[in-house]
Amino acid sequence: LKDSNGNLELAVAFLTAKNAKVPQLEEATYYQTALPGNDRYISVGSQADTNVIDLTGDDKDDLQRAIALSLEESNRAFRETGITDEEQAISRVLEASIAENKASLKRTHPEVWSDSPNPYDRKRQDNCPVGLKNVGNTCWFSAVIQSLFNLLEFRRLVLNFNPPANAQDLPRNQKEHRNLPFMRELRYLFALLVGSKRKYVDPSRAVEILKDAFKSNDSQQQDVSEFTHKLLDWLEDAFQIKAEEERDGEKPKNPMVELFYGRFLAVGVLEGKKFENTEMFGQYPLQVNGFKDLHECLEAAMIEGEIESLHSENSAKSGQEHWFTELPPVLTFELSRFEFNQALGRPEKIHNKLEFPPILYLDRYMHKNREITRIKRDEIKRLKEYLTVLQQRLERYLSYGSGPKRFPLVDVLQYALEFASSKPVCTSPVDDLGASAPASGTLPPQIPPSTIDQQGPSSSDVPSTSPVQRSVIHKPFTQSRIPPDLPMHPAPRHITEEELSVLEGCLHRWRTEVENDTRDLQESISRIHRTIELMYSDKTMVQVPYRLHAVLVHEGQANAGHYWAYIYDHHQNRWMKYNDISVTKSTWEELERDSFGGYRNASAYCLMYINDKEQYLIQEEFNKETGQILVGMDTLPSDLRDYVKEDNKRFEKELEEWDAELAQKAQQEKLLSQIPRAPAPSPAPVQAGEPEYLEQPSRADISKHLKEDSVQAINKALAEQEDRGPEAIMDT
């Protein structure tokens, strides 16, 4: 249970997998089959099981004894354990499934890509974005780092970060000892993402520094929000050290704080006393369960407790409202899609669907718009109450009746109209039975047709023709009094033309009225929904736009899964999917399918919005002298440019070595192809009595023989052409 982190299913899987795969020594030697000559029994241990019955023969008594023995063992097991064989079988299947799932998790959890031996498979194509190699459950690292790297302002801050001058000496404290080396590795990693010639790069050195901070084993997958919090804290500390060194009597400004942190004002009442507090926030947490879109999550997060108490005097109730006073340029929402199940004692993932827009207007949550927002909230509340009343009325029209089965009222009136207009068609039950009976083969030919009226349908169940058997047949039509004439379908028995005319007129009129009422209710409900949706669409409420920059997606359950990111390319106006080493073009439709949730076990876990009016966040860097846009290696400082060039040289050397190796192999094959081969020996005749199947040589043996033959052939060629020199040999 400790190794499975409290996951009971995983603990059971550990136990079942160990018991199945690591049998004890005595168990391994306990089961042994009998000699080949005696194939009728299986010996268990040192003695043959007396309850084993041979069913390979034709003895029917053996089969009966086997069935009786099986029933006896089943009953005995049920008396001892209270569990049936079916339940035991289901339990074994479930345990095997859990063990298989655990084994599958063991196979997929490491998520480490082995590099292709062909370096051309790892070569970057043109200016495609560079991926990050998964070095062991580090998809969370790749998703967050790529999202931040594609924020050009953040990228510039990291690349142009210069460690403090005193950092060259021994670090003063633990933070400097940890954060400054991480910043160095992060700069190297960002530089490789900019100018590397590789398709993907290895982030192992930066990840190694993070492992100590998380204090977890290598196989445990990290939480994206936890890692993002830790990363921003480290970056904030690193830039704070630099800011304090460069300050000139003023309070130092930390660029990480200015980029990712905002402030909100908490206004509320606590036990009848009003209060106001200003708080700073980074990632803003939002509850997902019970909400359909991002605005509903935000509305619930901004209001806590009784709202009415905030505007009333002498109230003992408690409640508070949150109002943004300062929004950060990069606003990150942390979606709480995991909750702890008290009954099962484990965390579970919330797969509910949650929609979010590509453009999010936050005016309604700003402190400066609080009065307008409160008025609109009250109006929305009134509309929703009226909407509930209309929906209840509509439900009565669409689900009419007092019993468990209900039908639309329009259909009920239509059924009544059809019933009133039906004409009764009477027929005898015997004739109706005869019409529905089979044409032939049911009644025995010995029974005369006159007996059908006496015996009824039961006579067909009596195949015998003896008088004794016919005398005991039950005669339902003669012993029970049923009306001689019954209608074939429900219809009124007695109705005049005048009554029918009045009733049809009423039903037609009522049906039309119900249709009109239903349509009016549906239109009213649609209008109210539209009014609520457009409540914040006026110009005063669309002044603070935030554009969706990145979506971090989690696929899996609470205790295991995989992360990737959708990141918007603001210059190409398209979405890109960053999935570790794979970087591909994507669409908003694919993002919706993977991020909204509700369809499968993949959903958005973190949303990163940026202020759409702050263009510096995504603006390219320009050369101050020429005014041209800087791209690629030109955006790097000199030390990082040299670092990337060295890495590219190593990769180019790897490409050259691969080309040389291929050329050498091709030359060897050409040389071997010119050496005459000895005729293959004819196969030896198969002696009589030998089996038709023989043991085939393994691939290792074949490879060994081929290698020896190749060496002999090359030596022979060298011996024959020794006087011609190595150049002539290679030309050959």
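The model is predicted. Helix α20 spans residues 638-673. A UniProt record, from an unreviewed entry, places a "coiled-coil region" at residues 641-668.

**Helix α20**
- α20 has 36 residues. Its first and last C-alpha atoms are 52 Å apart, close to the 52 Å expected at 1.5 Å a residue.
- The span 641-668 is 100% helix and 0% strand. Its end C-alpha atoms lie 41 Å apart.
- The buried residues of α20 are L640, V644, D647, N648, F651 and L655.
- An α-helix has 3.6 residues a turn, so residues three or four places apart point the same way.

- T635 sits in the loop between β20 (602-611) and α20.
- T635 counts as buried because its relative accessibility is 19%, and the cut-off is under 20%.
- A polar atom of the T635 side chain lies 2.7 Å from the backbone oxygen of G632.
- Beyond its neighbours within four places in sequence, T635 is in contact with V194, E621 and L630.

**Salt bridges**
- The model holds 23 salt bridges.
- E654 lies in α20 and R122 in the loop between α4 (85-108) and β3 (131-132), so the bridge ties together parts 532 residues apart in sequence.
- R122 is buried at 9% relative accessible area, while E654 is partly exposed at 28%.
- R187 is buried at 7%, while D639 is partly exposed at 39%.
- R263 and E326 meet in a salt bridge at 3.4 Å, N to O. R263 lies in strand β5 (262-270) and E326 in strand β9 (319-326), so parts 63 residues apart in sequence are tied together.
- R263 is partly exposed at 33%, and E326 is partly exposed at 39%.

**Nonpolar cores**
- The largest nonpolar core has 58 residues. F141, I145, F154, F190 and F260 touch the most other members.
- Helix α7 (174-195) gives this core its largest share, 10 residues.
- F190 is in contact with I145, F149, F154, R155, V158 and L159, leaving aside neighbours within four places in sequence.
- Another core, of 38 residues, lies apart from it and includes Y284, L286, L335 and Y365.

Conventions. Residues numbered from 1 in each chain as written. Predicted model: local features only at pLDDT ≥ 70, side-chain atom pairs only at ≥ 80, totals over all residues. Heavy atoms only, no water. UniProt positions renumbered as here; feature names shortened; annotations may be inferred. Helix = DSSP H or I, 4+ residues; strand = E, 2+ residues; numbered from the N terminus. Buried < 20%, exposed > 50% of the residue type's maximum accessible area, 1.4 Å probe, protein only. Polar contact = N/O pair within 3.5 Å; in protein donor to acceptor, adjacent residues only side chain to side chain. Contact = heavy atoms within 4.5 Å. Core = buried A, V, L, I, M, F, W, Y, C linked by side-chain atoms within 4.5 Å. Expected span 1.5 Å × (residues − 1). Salt bridge = Lys/Arg side-chain N within 4 Å of Asp/Glu carboxyl O.
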